[in-house]
Amino acid sequence: MPTPSRPPTVTDVAVELHDITMRYQAKRGRSVLALDEVNLTITEGQFVSIVGPSGCGKSTLLKIVMGLTRQTAGEVVFGPSRSHENMLGMVFQQPLLLPWRTVAKNMLISHDLQPRLPRAELDKRVAEQLDMLGLRDFADQYPSELSGGMQQRVGIGRALLHDPRILLMDEPFGALDAMTRDQMGLDLLDIWERDRKTVLFVTHSIPEAVLLSDRVVVMTPRPGRIAEVIDVDLARPRRLEDINTPEFGEIASRIRVLLNSEHSAH
Ligand SMILES: Nc1ncnc2c1ncn2[C@@H]1O[C@H](COP(=O)(O)OP(=O)(O)OP(=O)(O)O)[C@@H](O)[C@H]1O
């Protein structure tokens with residue numbers, strides 16, 4: 001098992017976004033201002049969700065943090081974990097599994113491209129991840145033999161395999177049916193409770209954001225800006241039934257009102 005990170009202190013910053021602006025060059029000389037001077041500080045060990053209407057720049061923001069897209073202006077500054085060589089892990093909406101590789105071999109894709117650890121250590125980590133994700137008996141199966149939820153678990157296991165300090169998740173449960181989605185959210189919380197990684201989680205679902213997060217970042221569309229960051233001070237560990245409490249309803253409704261007012265302003 002990877003060594004657990006030391007417990008975060010209040011002052012540990014995982015990542016700071018300073019005036020992040022992203023302008024995409026679109027066709028016929030036009031350009032799209034996807035993000036406009038976004039500022040955000042994320043503390044280590046926090047679970048932070050980003051919600052906002054389609055096209056407000058959520059994925060763009062995640063890709064910039066991941067380093068897959070280069071911002072037009074502004075700066076991404078990582079905290080003291082900067083020297084950690086395996087700092088970031090990313091999970092996409094589609095699990096992006098290679099159909100000709102087994103579950104265990106799919107988890108090793110990035111290591112096959114960039115071998116860093118001895119094979120025996122890797123095999124041990126894969127076995128541990130599969131155990132944790134309830135996939136122990138599926139190591140030698142192929143993706144087509146798994147349900148959508150199981151495939152996404154493999155995607156999560158792959159991102160966690162190298163013990164990243166920050167986990168970036170772009171609508172990871174968006175393609176799943178409602179019941180599987182709820183269960184995956186709870187499973188993710190279980191995993192998160194174990195070593196409290198910093199998570200940046202994009203979702204369209206307000207209840208999902210509230211149930212999982214310490215803070216919810218509400219974004220506005222065109223150009224993408226942060227409207228407000230809402231603290232979710234509900235007790236942990238959380239359960240699905242929490243959705244029915246008045247406290248939960250109040251936070252969800254604040255976010256909904258913000259999104260509606262931002263939507264009607266554009
Ligand atoms: N590669 C690109 N080239 C040009 N424009 C882009 C590109 N990627 C994104 N955009 C534009 O930037 C804006 C933000 O897109 P982004 O995918 O980040 O939004 P999003 O909030 O994640 O949307 P959704 O919720 O629908 O996934 C959109 O207007 C989109 O059309």
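Colleague: Before we start, how are the residues numbered?

Modeller: Numbering starts from 1 along each chain, as its sequence is written. This is a predicted model, where local features need pLDDT of at least 70, side-chain atom pairs count only at pLDDT 80 or more, and totals for chains, interfaces and linings use all residues.

Colleague: Fine. How many helices and strands are in the chain?

Modeller: The chain has eight helices and nine strands. Both are DSSP runs numbered from the N terminus: H or I of at least four residues for helices, E of at least two for strands.

Colleague: What percentage of the residues is buried?

Modeller: Buried residues are 34% of the 266. A residue is buried if 20 or more other C-beta atoms lie within 10 Å of its own, exposed if 12 or fewer, and partly exposed in between, with C-beta atoms placed from the backbone.

Colleague: On to the sheets. What is the strand order in the six-strand one?

Modeller: The order is β5-β6-β7-β3-β8-β9, in an open sheet with mixed pairing. Two strands pair if DSSP finds at least two bridges between them.

Colleague: Which strands stand at the edges there?

Modeller: β5 (88-91) and β9 (225-231) do; each has a single partner strand, so one side of each is left without a neighbour in the sheet. From one strand to the next, the twist averages 20°. Axes are lines fitted to C-alpha atoms, for helices over the stretch in contact, and angles run from 0 to 180 degrees between N-to-C directions.

Colleague: How many bridges join β5 to β6?

Modeller: Four, and the two strands run parallel. Leucine 88 stands opposite isoleucine 166 in β6. Helix α5 (residues 148-160) packs on the sheet and touches β5 and β6, its direction making about 170° with that of β5.

Colleague: What about the three-strand sheet, which order does that have?

Modeller: β2-β1-β4, open and antiparallel. β2 and β4 (73-78) are at the edges with a single partner strand each, so one side of each has no neighbour in the sheet. The twist here averages 15° from one strand to the next.

Colleague: How many bridges hold the strand pairs?

Modeller: β1 (residues 13-25) and β2 pair over nine bridges, while five join β1 to β4. Leucine 17 stands opposite leucine 40 in β2, and its bridge partner in β4 is valine 76. The β1-β2 hairpin has five residues between the strands, and arginine 28 in that hairpin takes a positive phi near 50°.

Colleague: Changing topic: which residues are around the ligand?

Modeller: Among them are Tyr24, Ala26, Val32, Gly57, Lys58, Ser59 and Thr60. A residue is near a molecule if its C-beta atom, placed from the backbone, lies within 6 Å of it. The shell divides into five nonpolar, six polar and one charged. Ala, Val, Leu, Ile, Met, Phe, Trp, Tyr, Cys and Pro count as nonpolar, Asp, Glu, Lys and Arg as charged, and the others, Gly among them, as polar.

Colleague: Where does the largest share of the shell come from?

Modeller: From α1, with three residues. β2 (31-43) and α1 (58-66) each supply at least two. Buried residues of α1 include Lys58, Thr60 and Leu61. Glycine 67 follows α1 and has a positive phi, near 90°.

Colleague: Last one: why do valine 38 and valine 210 count as buried?

Modeller: Valine 38 is buried because 24 other C-beta atoms lie within 10 Å. Valine 210 counts as buried because it has 26 C-beta neighbours inside 10 Å.

Notes: Two residues are in contact if their C-beta atoms, placed from the backbone, lie within 7 Å.
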